[in-house]
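I opened this notebook to record a few residue-level look-ups. The entries follow in the order in which I made them.

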Amino acid sequence: MTKARRALIVALVLAAGGARDAWPQSPFLRGPDTRTATPESLMGQRKLWGADLGLGGAFNRGNTDVDYVSSSFNLFRAFGPATAYLNGNMTYNTFNGLRTRNQGSLTARYDQRICGHWKAFAFNTEAYNQFLKLNYRATTGAGPWYDWELGPMKSGTSFALTYEYERFHGGLIQRAARL
């Protein structure tokens, strides 16, 4: 390990302890939370399950005609040391009668806590994107995950070995393995 790398790690560790105390006073670290608060009666259950639905749209008529629809959903359910997730989204847009966006995806993921901050995960994503001329993409992968905390912020770091299958307009098929 180089001296510069070691110094960076030490600085990050020291900053993490100091950031915990300075976090509320640092306007560039945290913006105001404008989301609706989850009712207290659901907060305990939210750790075991959750469901979020989103639907947005804009339909403008005038000098230009614009139709825009965006939808998404997120579900999760915890089962002891394991958690299952399912989420999807779709975006569709037209501008003066021409389709300018048509894409979507569906992802299923499973996490299994191993010990402490470590977990293993596996996922599968199915997707399409008309303007990449992508009829179908399947991405499947698995790998380790590490949860870490910096003050009130909780995040994670992961890497996965994935296999990707893509089928494009015209019959072109591509396969790839990635890390």
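Is Thr125 buried or exposed? I worked from a predicted model. I found Thr125 at 18% relative accessibility; the limit for buried is under 20%, so Thr125 counts as buried.

Entry on the surroundings of Thr125. I placed Thr125 in strand E5, which covers residues 118–129. I then looked up its contacts, leaving out residues up to four places away in sequence, and listed Ser105, Leu106, Thr107, Arg137, Ala138 and Thr139. With one of these, Thr107, I noted a polar contact from side chain to side chain at 2.9 Å.

Entry on Leu106. I followed the contact list of Thr125 to Leu106, which I located in strand E4, residues 98–115. Leu106 has 39% relative accessibility and therefore counts as partly exposed.

Entry on Gly50. I assigned Gly50 to strand E1, residues 49–60. Finally, I looked up the C-alpha separation between Gly50 and Phe76 and noted 5.3 Å, for two residues that are 26 residues apart along the chain.

Technical notes: Residues are numbered from 1 along each chain as its sequence is written. This is a predicted model: local features need pLDDT of at least 70, side-chain atom pairs count only at pLDDT 80 or more; totals for chains, interfaces and linings use all residues. Side-chain values use heavy atoms; hydrogens and water are left out. Helices (H or I, at least four residues) and strands (E, at least two) are DSSP runs, numbered from the N terminus. Buried means under 20% relative accessible area, exposed over 50%, partly exposed in between (1.4 Å probe, protein chains only). A polar contact is a pair of N or O atoms within 3.5 Å; within protein, one must be able to donate a hydrogen and the other to accept it, and residues adjacent in sequence count only if both atoms are side-chain atoms. Contact means heavy atoms within 4.5 Å.
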